[in-house]
Amino acid sequence: MTVKTRFAPSPTGMLHIGGARTALYAWLHARHHGGQFVLRIEDTDKERSTDEATQVILDGLKWLGLNWDEAPTFQAERIEKHKQAVQQLINNDLAYRCYCSREELDDMREAQRAAGQKPMYDGRCRHRHDEKTDQPFVIRFRSPTDGETIVDDQVLGAVHFQNKEIDDLILMRSDGSPTYNLAVVVDDADMGISHVIRGSDHLNNTPRQIQLYQALNLTIPTFAHIPLIHGADGAKMSKRHGAVAITDYKKQGYLPDAVVNYLVRLGWSHGDEEIFSRQQLIELFDVAQVGKSASRFDTQKLDWLNAHYLHTSSANALCDVVQEQLDFSTSTGPELTQVIAALQERSKNILDLAAQATMFYQAPASYDAKAVKKNFKEGTTAFVESYIEQAQRLPEWEKEALHQLISTTCEKFEIKMGKLAQPLRILLAGVPVSPPIDLTLSLLGREESLQRLKQGLAQLSNAS
RNA sequence: GUCCCCAUCGUCUAGUCGGCCUAGGACACCGCCCUUUCACGGCGGCAACACCGGUUCGAAUCCGGUUGGGGACGCCA
């Protein structure tokens with residue numbers, strides 16, 4: 001059997017972190033088995049669906065690198081198929097008209113709740129034979145009342161539902177449009193989906209859908225319900241947990257590889273391994289090994305993974321994403337790739353890296369007062385001036401020589417390296433943090449370095 | 001409320017069908033080392049089988065119950 005999975009979001013909002021993981025698992029499952037991964041946009045709720053949301057979802061998937069096969073399917077365009085299925089059920093007496101008004105149904109549910117029961121349709125139109133042509137009606141499925149329906153889930157195992165717990169769901173609204181449960185079944189069967197991988201919030205819909213597959217005489221796919229992701233407080237993920245939309249992670253300086261690695265490990269593992277390349281994931285991932293319990297979203301671990309990928313990526317590969325975050329031109333300063341190479345190991349995300357890169361293209365506007373106070377003591381000016389003096393005469397302005405010079409200057413004054421390096425750093429960057437000082441000097445270049453050092457020294461001695 | 005699911009360190013998890021678990025790894029946290037700053041890195045530490053009963057020579061692992069958490073109960077998807 002050829003494997004075909006799908007991701008079927010409704011375009012009513014952003015692609016959130018839970019949906020992204022579900023998509024990732026479906027994608028991995030397909031790729032692992034050499035099958036296909038397709039998209040179906042569930043846009044049957046015209047009230048809330050928007051083109052913008054569809055685009056945001058597609059962008060999110062692209063950013064994560066989850067490529068799909070075939071052009072995305074739009075559920076709203078398949079309405080005729082859905083109607084045919086409903087007609088087939090009516091013809092077989094497996095569906096019927098229900099004339100109950102919304103008010104009537106509301107009252108019924110309210111009464112049931114008050115009586116401590118589960119609110120569900122009581123089937124009051126199930127046996128009526130009069131066709132009232134002048135009144136609006138919906139089509140309901142005549143679902144079995146006895147026995148049980150078993151969902152044989154790849155993640156959860158066999159889950160039993162008593163058929164008497166399942167009411168007659170609406171297949172077609174009074175305006176003639178099909179509802180979700182009918183549409184998914186018809187579409188998944190029609191598209192040849194072999195594995196339905198989705199969030200466990202759909203588990204309760206599954207027995208209903210299985211009954212529909214049976215009523216329509218369609219092949220039932222394999223189901224895998226993925227546990228939900230909760231916020232750090234254990235509650236459902238929402239706005240107050242920070243970034244919910246997957247695109248927010250891009251804005252916050254995360255790398256897609258890190259997000260993918262984090263997401264896949266949230267609910268799945270392979271021994272003690274933490275870091276997985278895409279290729280490894282495709283080779284190792286098995287949806288049946290996904291854990292059954294919901295997990296909490298932990299930003300700190302994501303941060304760690306992000307830093308890991310940031311440190312191990314090639315500076316070249318990072319160039320574009322860093323460039324996007326810069327609000328100044330890099331044409332006048334050192335090669336951006338070299339700056340990234342110097343900075344990536346000491347940055348925790350792209351935003352952080354971009355911020356640190358600023359000093360290579362803009363001279364400090366001010367000097368950190370605390371750092372100045374701490375590092376400029378008796379004699380400091382003499383060490384620095386001596387270094388500048390010597391550096392000016394260097395035939396080649398390069399890292400090794402600049403480093404040598406720091407060593408010899410320190411020996412000459414009998415001071416530790418920090419006594420010289422920190423003042424230099426503050427003069428060059430304005431803050432007491434930068435890549436190694438010799439590297440910083442060489443990247444900045446002779447002219448820019450000397451200018452910053454002299455100007456800074458003058459400014460600081462004026463102030464004191 | 002009813003139905004369904006879940007339950008190992010604070011978090012993510014290992015724990016292949018009971019013994020090798022005085023429960024392993026990772027993140028976080030705390031020390032120490034490295035060090036020209038900040039980081040990286042290295043070493044070490046803290047920390048969990050929800051509870052109660054069974055089954056068994058033996059249970060984190062099997063069974064039942066309790067408690068706790070989550071999901072679903074729409075002419076939304």
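**Exercise 1.** How much area do domain 1 and domain 3 bury between them, and what share of it is on carbon and sulfur atoms?

*Solution.* The model is predicted.

Step 1. Locate the two parts: in the domain assignment of chain A, domain 1 is made of 1-70 + 227-296, and domain 3 covers 315-360. Their centres, taken over C-alpha atoms, are 29 Å apart.

Step 2. Read the area: the two domains bury about 390 Å² between them, with 62% of it on carbon and sulfur atoms.

Step 3. List the contacts: 5 residues of domain 1 touch 5 residues of domain 3. Between these domains there is 1 residue pair in polar contact, and the number of salt bridges across the interface is 0.

**Exercise 2.** Determine which side chain of opposite charge is nearest to R198, and whether R198 is buried or exposed.

*Solution.* 

Step 1. Check burial and charge: R198 is buried, and the nearest side chain of opposite charge is that of D188, 5.1 Å away.

Step 2. Apply the cut-off: a salt bridge needs the charged atoms within 4 Å, so R198 has none, with D188 at 5.1 Å.

Step 3. Look for polar partners: the R198 side chain makes polar contacts with the side chains of T206 at 3.1 Å and Q209 at 2.7 Å.

Step 4. Complete the surroundings: beyond its neighbours within four places in sequence, R198 has contacts including R6, T22, Y180 and F223.

How values were computed:
Residues numbered from 1 in each chain as written. Chains lettered and ligands numbered in written order. Predicted model: local features only at pLDDT ≥ 70, side-chain atom pairs only at ≥ 80, totals over all residues. Heavy atoms only, no water. Buried < 20%, exposed > 50% of the residue type's maximum accessible area, 1.4 Å probe, protein only. Lys, Arg positive; Asp, Glu negative; His and termini not counted. Polar contact = N/O pair within 3.5 Å; in protein donor to acceptor, adjacent residues only side chain to side chain. Contact = heavy atoms within 4.5 Å. Domains from an automatic or database assignment. Buried area = accessible area lost by both parts, 1.4 Å probe.
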